[in-house]
Structures are given as structure tokens and as C-alpha cells.
Amino acid sequence: MTWKFDLQLEPDLPPVDYPLPDLPDGEDLWIFGYGSLMWRPGFDHLGIRDARLFGYHRAFCVSSVVHRGTPENPGLVLGLDRGGSCRGKGILCPADIREPVIDYLYRREMVTSVYRPKMVRIKLLAEDVMAPALTFVADPSHAQYCGKPALEEAARIIARAHGRGGPNVDYLKSTLEHLDEFGIADGPLHRILNLIEREM
């Protein structure tokens, strides 16, 4: 397969056998990002817009046993969990690289299958219009799904966990730095960091 754009593929990303979404031919594709996709999409795009997804919220609902923790001492990473709403970014993928971009995102987001692809409708806030989008939600049936730990428990886990990607607390700090930069308020994440800093 020849790709028109230089996707920032990581060489160790494994293939993921999962069906592509059912999409109309020749249409650009919005992708909803709520975490690192917002500031590190890894592919060429036609623009990034402020967006809101209804029915899911950003939460530390996924145990990390590689990048931010180990099987013996798991960390926590973000997922989209059911209920509420989530402000994030809509990233517009050009139609002519849609298939390789989806393949890249599948391999990036679904290494352990704790995240599942889902077509949703997002609200593009500046335009005040709804649009279909691809996003990745946490799978409650997966072993790495951990529900919603209390803030104190989340702080305790994140403060002590460390994985291949570095300390879990660095992941939290980086996320909050970018959310603050985008003007996206997330009180629970700030409270978790405040609890950690008080203990440290």
C-alpha cells in the first residue's frame, strides 16, 4: 500500500485485526481525540477543531501494565468511559489517506484491545454543528478496564507507578499541561495531581 503522507508510524506497532468502520466513499473523516491524539495525532490532517462528545467522559479507567506501569505495579491511563460528556478535539482526516490513517490508529490505540473503535457524533463547537467521527472508547469487559477509582486511590496508584514510557505522574502532568493550554477544564485530573503533590 502506498501512502501519500508520512504517517508517524512506530515500528513496533503490531497489526490489529478489526473491521474498518462503514464509511461513505470519498468523504473526509473526523477523528475525536480526548488525550494525546489532540496534540500528537501522528498523521497529516485538514484541521483540528474544538469538539464535544456526549455520552462519554475522560477518566482514569484503564490499567497500564506496559507504558505507565507493570503487571506487578499497574499504573492508570485515560479512556473514554460511559456517561457525561467530554470536550476534546475533532481532527479532520483527508479522504485520500483515510484507510491508512485508520489502520495506524487501530494499531496505536488497540494494542491490547482495551480500547474499541466506535463511530460517534461530535459537536464542532465553533461551527455549532454535529458531525460523525471515529473515536476509541474503553471496553468495560476487558481485564485492563478498572472502572472509576476514587480520586485518592487514583492518586496513590499514579504516584508510585512507572512503566516503559516513564513515571505515571509524568503522563498526568503532560495531559494537564496540554488540557490547560487548550483551555479544557478537567477538575478531577487537577485534584488527583494536587493530592499527589501534597503527599510528595
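Let me start at Ile 192, which touches Phe 60, Leu 151, Ala 154, Ala 155, Ile 158 and Leu 172, leaving aside residues up to four places away in sequence, where contact means heavy atoms within 4.5 Å. This is a predicted model, in which local features need pLDDT of at least 70 and side-chain atom pairs count only at pLDDT 80 or more, while totals for chains, interfaces and linings use all residues. Residues are numbered from 1 along each chain as its sequence is written, and side-chain values use heavy atoms, with hydrogens and water left out.

Ile 192 is also among the residues with the most contacts inside the largest nonpolar core, which has 57 residues; such a core is a set of buried Ala, Val, Leu, Ile, Met, Phe, Trp, Tyr and Cys residues joined through side-chain atoms within 4.5 Å, and buried means under 20% relative accessible area, exposed over 50%, and partly exposed in between, with a 1.4 Å probe and protein chains only.

Now to the helices, which are DSSP runs of H or I with at least four residues, numbered from the N terminus. The axes of H3 (residues 168-182) and H4 (residues 187-199) come within 10 Å and cross at roughly 135 degrees, the axes being lines fitted to C-alpha atoms over the stretch in contact, with angles running from 0 to 180 degrees between N-to-C directions. H3 and H4 are therefore oblique to each other, because angles under 35 degrees count as roughly parallel, over 145 as roughly antiparallel, 65 to 115 as roughly perpendicular and the rest as oblique. Where they meet, the residues include Leu 172 in H3 and Ile 192 in H4.

How values were computed: Helices (H or I, at least four residues) and strands (E, at least two) are DSSP runs, numbered from the N terminus.
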